[in-house]
Amino acid sequence: MSNFSMNKTLEKPSQRILSWIARLFISILVPFVVFVVLYFGFRFLRDSQAPQIVITISAIVWGVGGSAALYGVTNWVIQRTNESWRKILTPFMFVGPAVAILGWYLFIPTIRSLVLSFYDRSSQNFVGFDNYAYLFSDASMQTAFVNNIIWLVVGTAGSVVLGLIIALLADRSRFEKVAKAIIFAPMAISFVGAGVIWKFMYAYRPVSSNQIGLLNAIVTFFGGDPQNWIVLRPWNTLFLIIILIWLQTGFAMVVLSAAIKTVPSQFLEAGRIDGASELRIIRSIVIPTIKSSLITVSTTILLITLKVFDIVYSMTNGLYGTEVLASQQYKQMFKFLHYGRGSAIAIIILVAVTPVIWYNLKQFGNREVF
Amino acid sequence: MAQATPKSMKKTKTVQEVIVNAVLIFICIIWTLPTLGVFVTSFRDRDSVLDNGWWTSLSTPSEFTTQNYSQVLAGKDYSYTKSDGTVVVSRGDNMLGAFLNSITVTIPSVIIPILIAAFAAYGFAWLDFPGRKILFGCIVGLLVVPLQIALIPILRDYMKIGLNGSYLGIWLAHTGFGLALATYLLFNYISTIPRSIMESAFLDGASHFTTFVRLILPLSVPALASFAIFQFIWVWNDLLVALVFLSGAGQTVEVVTQRLLSIVGSRGQDWHLLTAGAFVSMLLPLTVFFALQRFFVRGLMAGSVKG
């Protein structure tokens, strides 16, 4: 206690001990009171029958204020120690919570899931690679693998190609801002919300009645027969992928549009003076220049397709041959309660995404984001 | 190729412009139609929705109603008279309750990870302690872990300590799943703040805590805002984490995505309610998008490395 040692000539030993105890007492009491208040807040939120708006406001105040208060009180305690302790404890306050939470929520679960994937349904008996062997031979898992690859190829290519076309068009148009906002807006919509929107697009009525889904209305207008698109194998997966493309094209467009703006205008001028057509300029000048952005966008959307869950779960619940890896994992865990297989699928997803994310991170370092 | 005269060049240019704009407008119309259909349908009454397509309703504006919204938002029962005179009682969908739940889940799930990540980013950037580089390397490494990995182990922990179905439980889950990205992004930003700014603060005797709260946090607002918007959209639209940690036996808390999904399940053909519910769920993210478009785009771009 640095300021304490300055006073020691003025104090008797008994006084010194008394004041030391008082400080210790306060240093424990203040955090204790904070914890008690927070705990009663937790109890209140869990058990209260208050009107919901009251719960909402008090929960937000409790959650946000509580975490800020924990930092505040930790700092308060650290400031009461001496210089050398302060130096040791400060990093714990700054980095400790993040390390603890990431350890609990990501690091340890990865190891636990890996271990669980070698155990049976109830995590009691070691079964070696049985779960993996099962997953690679099971018929519905094979459908899921194939579907995931279709998602990956069609979803990624569709979003990136459309995004590139729209970015190029918008770059040459007067309505650039409005058009970009319209294409990007679906990014704000949840997969479940988009599911409802597209279920309505695909809605099916028998031939005799009026069609209320736009797609079937168009088909019947041109003399075709209405189709139940969602159950129409094997095309239904493509109809689900269209939803992803509708959501993700905006992202591809925004990133690619920013990249296109960096193409030096003298290159474009030179091409035009040489008499090259617009398509030729795009193919030989624009695309090579924005190659790295193209790859980053593709890998990002590829990651989303690898983990796609909500669209399938809300549109078909994995029925009619539309399973993907993530929906199979959810089914294994929460329907069949087979923790071994569920964990094994999670590990497969981890292995699949790891190289892609590493690549993205490397690219990310070279890019200005803010 | 023969040199084009300025006049004909100008002509081809205008022709090109017309084509470009026409194609672009066509794509934009296609992009808007699905949402427009849902929007229009959410204001039509039940019978006309099932009777004919929404595009025909633009000629008969008299049938529009806001009753779908009051029914979807309310938790109480609604009755209506069918065309043959029978009265049907149908349960309200309590979307308003789910909306409040979503707000309760989302706001702390955005602020808590930002707070923790900002502290950690400062620690990694400006404090000297043993193991700093290794720890930071581990955090970046954890970016690759998909949240699917954590569902079973964390759910088991939650069952043991009674966090399942609580607000704190889902806040912490979203914090855990967003924290690696938040720390990484904020570190990138905070580590570029010039050292001289901080040294002047230390000369004035400020502690690391004071420097962080008074100086670094205000300077980092652009980065904080970008991450906040990404995380907001992510948490608000999330279904999987909510399904795992909020639903289950005896759970009463439901967010909008779950609520909407159960309306889909129980009222698959009640399009007038489904569409209204979908619009309620989209209201807040779309408002944020149109109000803060620039931050929104930056945020989603920054979030592109989320595992």
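Setting aside neighbours within four places in sequence, L147(B) is in contact with F177(B), W234(B), L240(B) and V241(B). Contact here means heavy atoms within 4.5 Å. L147(B) sits in the loop between α5 (132–141) and α6 (148–161) of chain B. Helices (H or I, at least four residues) and strands (E, at least two) are DSSP runs, numbered from the N terminus. L147(B) is buried, at a relative accessible area of 10%. Buried means under 20% relative accessible area, exposed over 50%, and partly exposed in between (1.4 Å probe, protein chains only). The C-alpha atoms of L147(B) and G176(B) are separated by 9.2 Å, and the two residues are 29 apart along the chain.

This is a predicted model: local features need pLDDT of at least 70, side-chain atom pairs count only at pLDDT 80 or more, and totals for chains, interfaces and linings use all residues. Residues are numbered from 1 along each chain as its sequence is written, chains are lettered from A and ligands numbered from 1 in the order in which they are written, and side-chain values use heavy atoms, with hydrogens and water left out.

### Chain B overall

Chain B has 14 helices and two strands. Of its 307 residues, 56% are buried. Among contacts in chain B with a separation of 6 or more, 67% join residues 24 or more positions apart.

### The interface of chains A and B

The contact takes 108 residues from chain A and 116 residues from chain B. Together the two chains bury about 9,900 Å², 79% of it on carbon and sulfur atoms. Buried area is the accessible area (1.4 Å probe) that two parts lose on being put together, summed over both.

Between chain B and chain A, 14 residue pairs are in polar contact (both at pLDDT 80 or more). A polar contact is a pair of N or O atoms within 3.5 Å; within protein, one must be able to donate a hydrogen and the other to accept it, and residues adjacent in sequence count only if both atoms are side-chain atoms. Helix α1 (residues 6–41) of chain B gives the largest share of the side of chain B that touches chain A, with 17 residues.

L102(A) is buried, with a relative accessible area of 1%. Beyond neighbours within four places, its contacts are F107(A), I139(B), L142(B), G176(B), L179(B) and A180(B).

### Salt bridges

Side chains of opposite charge can pair when their charged atoms come close. A salt bridge is a side-chain nitrogen of Lys or Arg within 4 Å of a carboxyl oxygen of Asp or Glu. The count over all chains is nine.

| Pair | N to O distance |
|---|---|
| D157(B) and R112(A) | 3.1 Å |
| E176(A) and K180(A) | 3.2 Å |
| E254(B) and R259(B) | 3.1 Å |

How many salt bridges cross the interface of chain B and chain A? The rule finds one. R112(A) forms a salt bridge with D157(B). D157(B) lies in helix α6 of chain B and R112(A) in helix α4 of chain A, so the pair joins two chains. D157(B) is buried, at 13% relative accessible area. R112(A) is partly exposed, at 26%. E254(B) is also partly exposed, at 24% relative accessibility.

E176(A) and K180(A) both lie in helix α7 (residues 176–184) of chain A, four residues apart, about one turn of the helix. Both are buried. S257(A) is in contact with E176(A), K180(A) and A167(A), leaving aside neighbours within four places. S257(A) lies in helix α10 (residues 236–260) of chain A and is buried, at 1% relative accessibility.

### The two domains of chain A

Chain A is assigned domain 1 (2–116) and domain 2 (131–365). The bounds come from an automatic or database domain assignment. The C-alpha centres of the two domains lie 45 Å apart. Four residues of domain 1 are in contact with six of domain 2. The area buried between these domains is about 370 Å², and carbon and sulfur atoms give 69% of that area. S113(A), L114(A) and L116(A) supply 84% of the area that domain 1 buries against domain 2, more than any other three residues. Between the domains the salt bridge count is zero.
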